[in-house]
Amino acid sequence: MNSLDKFDCAILAALQADATLSISGLSEKVGLSSTPCWKRVKRLEEEGYIESRVSIVNREKVGLPVTVFVSIKTTEHDEKWLARFAAAVVALPEVLEFHRMSGDVDYLLKVVTTDIAGYDRFYKKLIKAARLTGVSSAFSMEQIKSTTALPLELISHGVPA
């Protein structure tokens with residue numbers, strides 16, 4: 001269970017929308033004075049609620065317009081294999097997300113790249129990394145929604161649901 005109250009959630013929501021807010025701008029948005037707001041931000045950072053503050057870069061403008069979801073199947077399921085495979089995948093800069101899945105697919109990757117040839121280069125590095133039973137690639141035709149903001153309105157603020 002989390003220990004966030006409505007002010008903590010308001011701070012997190014505001015920072016998810018704009019991490020460049022000054023403490024005075026943030027405190028104004030959430031209805032606190034600057035010092036208590038700053039103390040809450042520091043606590044949220046120390047407790048790991050705020051992991052980092054980043055800028056979101058436009059993929060197309062920087063030349064990485066292709067998104068591919070890569071489903072991976074394997075017959076290997078021991079810890080040693082997973083450690084080697086995970087280290088190899090994490091080292092591939094094209095991989096934005098790497099998930100171990102339940103169901104028919106063992107692992108799911110979200111990959112960005114320049115074009116089909118760029119994906120082919122990535123694919124060749126991936127299949128060198130470990131013994132895989134199957135690799136299936138689904139190219140995103142259109143991104144309809146993308147957000148990094150968590151839906152904080154779904155959590156209770158210390159009040160039973």
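I looked for disulfides (cysteine sulfur pairs within 2.5 Å) and found zero in the structure. The model is predicted: local features need pLDDT of at least 70, side-chain atom pairs count only at pLDDT 80 or more, and totals for chains, interfaces and linings use all residues. Residues are numbered from 1 along each chain as its sequence is written, and side-chain values use heavy atoms, without hydrogens and water.

Cys9 is buried at 5%. Cys37 is buried too, at 0%.

Next, helix 2, residues 23-30. Helices are DSSP runs of H or I with at least four residues, strands are E runs of at least two, and both are numbered from the N terminus. I list Leu26, Ser27 and Val30 as its buried residues. They sit on the same side of helix 2, because their arc around the axis is only 100° (taken from the directions from the helix axis to the C-beta atoms). Glu28 and Lys29 are exposed on the face turned away from that buried side.

I then looked up the annotation. The unreviewed UniProt entry gives "domain: HTH asnC-type" for residues 4-65; such annotations may be inferred rather than shown by experiment. I find this span to be 53% helix and 0% strand, with its end C-alpha atoms 37 Å apart.

Last, a loop. Val62 lies between helix 3 (34-46) and strand 1 (66-73), in the loop.

Notes
Buried means under 20% relative accessible area, exposed over 50%, partly exposed in between (1.4 Å probe, protein chains only).
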